[in-house]
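Thanks for making time this morning.

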Amino acid sequence: MRHALAVIAGIALALLCVASLLPLVETDTWWLRYLDFPRMQFAVGLVVLWVLMVALGGIGRGAARWLTVLTIVALAYHGWRLWPYQPLAAKMDPGLVSCTPEERLSVLVANVQRSNRQAEEVIALARAQDPDLFFVLETNEWWDEALAPLDADYAHHEQDIPSDATFYGMHVFSRHPFASTEMKFPFGADTPLFDGTLEHPAGQVRVFGIHPRPPHYFQPSTLRDATMLEAAIGARDGTLPALIAGDFNAAPWERTSRRVLRLGRLIDPRAGRGPMISFDANSWWMKWPLDQILWQQGLAMADFTVLPGIGSDHYPVRADLCFTVNTDQRFAPIHEDDDAEAQATLEKARTMRDAAFDG
């Protein structure tokens, strides 16, 4: 019986090793990209299954040896991917700056979940946090009406809600005016990308708000990846300091997420501070960071935090930034193939859009 259980543990271990290493493949296949999310859970599972296999007496010296080697390789890969997002790694922004209220830009992101009906929690969050910029994601007509009280608190409000409840809407509340705003739908996406220039008293800043759809059954991650890259390239090619905020529906250790940091010369506040989980508020095991606020040099961090729940499956996140140049910021060095891989993703997204329109 012990040997049979050991064999079962060994088979499960082998399968988990394979699942751990499959994301090495550069592909937008939906089920492979799903495997990017649970790296922390996979790492724990590998250790537990290996210990269980050994404790039950093993499955034969040769097979156990090879499984041990494969487990070490898989754990090393997870460790490499996760290393920047634990407290021993170097911080991209030390987070030590301070500034006057006139020089501070506070940004709050909340995915409210369409089915959530605790609007009073969201209103209370906005009023308690009192941010300069408040991105409300996954909105629909019900949420549009429920958020109406915030119009009295914010002088400036941009939004796009879907004509039906199938896809995600976005509301952007601001205490400061925008010099320009546009809700884009890049590559025929059905979720908006907000692109605006904020007129803050301390200076102008380019603001992107994104909420691409996640990899979904039989739907590749192409549009998600292309939307993230579109925002990063827009930030890179602009003349103003920029920030990108929203629910990326991608973990920060994913290949595209790291490419976004490099191409956009962006700071990730989670680097060196831990994963700071923002999803899933309703699950004990599906835990990873999806909600992000990234920024370029010209902005520096005073604080970044994940806030308590609001009845959604996401926790809100907040960043407090100062209009200042911090020479202690660190940026991920660009890779030789970043531009080519990004352009390949964008071109594939354009091809998908054209095919959909032709159909």
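This is a predicted model: local features need pLDDT of at least 70, side-chain atom pairs count only at pLDDT 80 or more; totals for chains, interfaces and linings use all residues.

Asp-130, in the loop between helix H5 (119–129) and strand E2 (133–139), has a phi near 50 degrees, a positive value in a residue that is not glycine. Phe-187, which belongs to the loop between strand E5 (178–184) and strand E6 (193–200), likewise is not a glycine and has a positive phi, of about 60 degrees. Is Phe-187 buried or exposed? Its relative accessibility is 8%, and because the cut-off for buried is under 20%, Phe-187 counts as buried. Asp-130, by contrast, has a relative accessibility of 40% and therefore counts as partly exposed, since that class covers values between the 20% and 50% cut-offs.

Let me turn to the first helix. Helix H1 covers residues 2–21, 20 residues in total, and spans 29 Å from its first C-alpha to its last, which is close to the expected 28 Å. Its buried residues include Ala-6, Gly-10, Leu-13 and Cys-17, and the buried residues of H1 pack against helix H3 (39–55) and helix H4 (61–82).

Setting aside its neighbours within four places in sequence, Glu-141 is in contact with Ile-161 and Ser-163, while Glu-336, 195 residues away in sequence, is 45 Å away in space, C-alpha to C-alpha.

Now the whole chain. The secondary structure comes to nine helices and 11 strands, and the C-alpha atoms fill a box of roughly 70 × 50 × 45 Å along the principal axes. For 359 residues a compact globule would have a radius of gyration near 21 Å, so the 22 Å found here agrees with that expectation. Of the 359 residues, 53% count as buried, and among contacts between residues at least 6 apart in sequence, 71% join residues at least 24 apart.

Finally, the surface and the charges. The protein exposes about 15500 Å², with carbon and sulfur atoms supplying 59% of it, and the mean positions of its 30 positive and 43 negative charges are 11 Å apart.

Conventions: Residues are numbered from 1 along each chain as its sequence is written. Side-chain values use heavy atoms; hydrogens and water are left out. Helices (H or I, at least four residues) and strands (E, at least two) are DSSP runs, numbered from the N terminus. The expected span of a helix is 1.5 Å times one less than its number of residues. Buried means under 20% relative accessible area, exposed over 50%, partly exposed in between (1.4 Å probe, protein chains only). Contact means heavy atoms within 4.5 Å. The radius of gyration is taken over C-alpha atoms; the globule rule is 2.2 Å times the number of residues to the power 0.38. Accessible areas come from the Shrake-Rupley method with a 1.4 Å probe; for residues, only the protein chains shown count as cover. Lys and Arg count as positive and Asp and Glu as negative; His and the chain ends are not counted. The place of a charge is taken as NZ of Lys, CZ of Arg, CG of Asp or CD of Glu.
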